[in-house]
Amino acid sequence: MAITVNSIPEQYASLHDDLWFVATSTNVASTNFKFVFDIYVDAVLIARIKQFPDVTSNKGIFNAGNIMRNYAQSYFIPNAFQNLFSGSNDNIYKEYTIKYGEEYGGVTYTNLVTQTYVAFNFYYPDFYNPAQSPTYYKSYINKWLTNRDLSNVECAFTDKLHIGYMNASGVTTNLSPSLQLYNENGSTSGSALTTGTDPQNTFSLLDISPSGINDWYGSNVITSSTYAYGIKLYNGTAFGPEAKVKLVCNFNYTPVALHFLNQLGGYDTMHFRLVNKESRNTESKQYEGNKWRYNSTAVAMRSYDDYLRINPGATKYVVEHSTLYKLRSNYLNVTDYNWLAELIQSPEVYFEQGGYYYPVVTMTSNWEEKKRIADKMFNLELDVQIANKKYSQFR
């Protein structure tokens, strides 16, 4: 008996796409022949799939996508204290093993071929080259995991500013940050500052805010009078792209920071710095009663009690309320406006308040592309709802 694996998913495939496998057996002509696919996650058998050969090709064709996407998990792990390397882990991908086998003549033969694969927590854009090399997602190694405009990032001096970074999977990468300050005319201010390394797993969550960077360097290399700065990472072989951050002020309004899972599986921060307003939605249940009630003191029917409180005809006994916010961004360029479609589509969004991250649900469901030549100036208005509903006192 011999099993041959003919094709597997591309390197750095998506957990949220189909994961097709094709196999051949020399025994496919046997009576009641079936291919056997045993799927293991963390060395535990999670599924055994038995399939008859495809009627056209006589191959075993199996899609692991529906099984593996159940193992996607959150890996937003910001440090409680602001520092550059806020967190790192391998949870951006899931490793799984397929043990190929076959069944015929009433006997099941397992583990004839064993191979291990990985799939990552991102989704493909509408238009990309499926035949590119390196593959779509592998091309993001040693790069920021974001589609925002890296030449035009805004941050106030006391903000947090999270961004993801991609390293090679399954190994530890020592990253060295390099910081360059810039003047208002775009010229560099002094030499680049490079010091120290930090061991990182496949996914790195960084806080590239002034506080995060100053903590790494151990001094206020970025001050409130700094105009802009650029940060890039060296992985021992090459520098990744630079993220250029411009310091801004919050003048008249209290900004709101949203941290969200983006299309590439990284986490981004977006600050809404214009007029942000809170609102409430309330739903209640009530029962009807007779406002006339027997009063034992007066030995009579009355519409009020001994404390002169009018008896209610209708009584609320459950009051559920939701907190919503209408958020408004500063004016945006086309790149950042397009990037923020990922915020509307994100399944994981956090509203930062008082140092804590509160989960919210984006209520805005429509997004339309903007063109600078036609739309001139534009910003984003976004409706979000706090994910945890509240209840008033039960009666």
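Predicted model: local features only at pLDDT ≥ 70, side-chain atom pairs only at ≥ 80, totals over all residues.
## Strand β19, wrapped up

A residue counts as buried here when its relative accessible area is under 20%, and as exposed when that value is over 50%. With six of its six residues buried, β19 (residues 256–261) is largely enclosed by the rest of the structure.

What does β19 pair with? One partner is β20 (residues 267–272), in the antiparallel sense and over six bridges. Within that pairing, His 259 has Thr 269 of β20 as its bridge partner. The two strands make a hairpin with five residues between them, and Gly 265 in the turn has a positive phi of about 85°. Another partner is β25 (residues 349–353), which runs antiparallel to β19 and is joined to it by three bridges. There, Phe 260 has Val 349 as its bridge partner.

## A three-stranded sheet

Over to β1, β3 and β6: these three strands form an open sheet in the order β1-β3-β6, with antiparallel pairing. β1 (3–7) and β6 (60–63) are the edge strands, each pairing on one side only. From one strand to the next, the twist averages 30°.

Zooming in on β3 (residues 20–25), four bridges tie this strand to β6, and the two run antiparallel. Ala 23 finds its bridge partner in β6 at Gly 60.

## A five-stranded sheet

Another open sheet has five strands, in the order β2-β9-β8-β4-β5, and here the pairing is mixed. β2 (13–14) and β5 (44–51) sit at the edges with a single partner strand each, so one side of each has no neighbour in the sheet.

β4 and β5 are antiparallel and share seven bridges. As a landmark in this pairing, look for Phe 37 opposite Ile 49 in β5.

Nonpolar side chains tend to be buried together in soluble globular proteins. Which residues have the most contacts inside the largest nonpolar core? Phe 21, Tyr 96, Ile 98, Tyr 100 and Tyr 137 do, in a core of 42 residues. β3, β4 (34–41), α1 (65–68), β8 (93–104), β9 (107–120) and β16 (203–207) each put in at least two residues. The largest share comes from β8, with five residues.

Phe 21 is a handy place to start looking around. Beyond its neighbours within four places in sequence, its contacts include Ser 7, Ile 8 and Pro 9, along with Gly 60, Ile 61, Phe 62 and Ala 64. Tyr 96, Ile 98, Tyr 100 and Tyr 117 are in contact with Phe 21 too. Apart from this core lies another one, of 24 residues, with Val 153, Ile 231, Ala 243 and Leu 247 among them.

Pro 134 belongs to the loop between β9 and β10 (143–144).

Asp 42 is not a glycine, yet its phi is positive, at about 55°. This residue is in the loop between β4 and β5, and it is exposed, with a relative accessible area of 59%. Val 299, another residue other than glycine, also has a positive phi, near 50°. Its place is the loop between β22 (293–295) and β23 (300–302). Val 299 is exposed as well, at 60% relative accessible area.

Key:
Residues numbered from 1 in each chain as written. Heavy atoms only, no water. Pairing = 2+ DSSP bridges. Axes fitted to C-alpha atoms, helices over the stretch in contact; angles between N-to-C directions. Core = buried A, V, L, I, M, F, W, Y, C linked by side-chain atoms within 4.5 Å. Buried < 20%, exposed > 50% of the residue type's maximum accessible area, 1.4 Å probe, protein only. Contact = heavy atoms within 4.5 Å.
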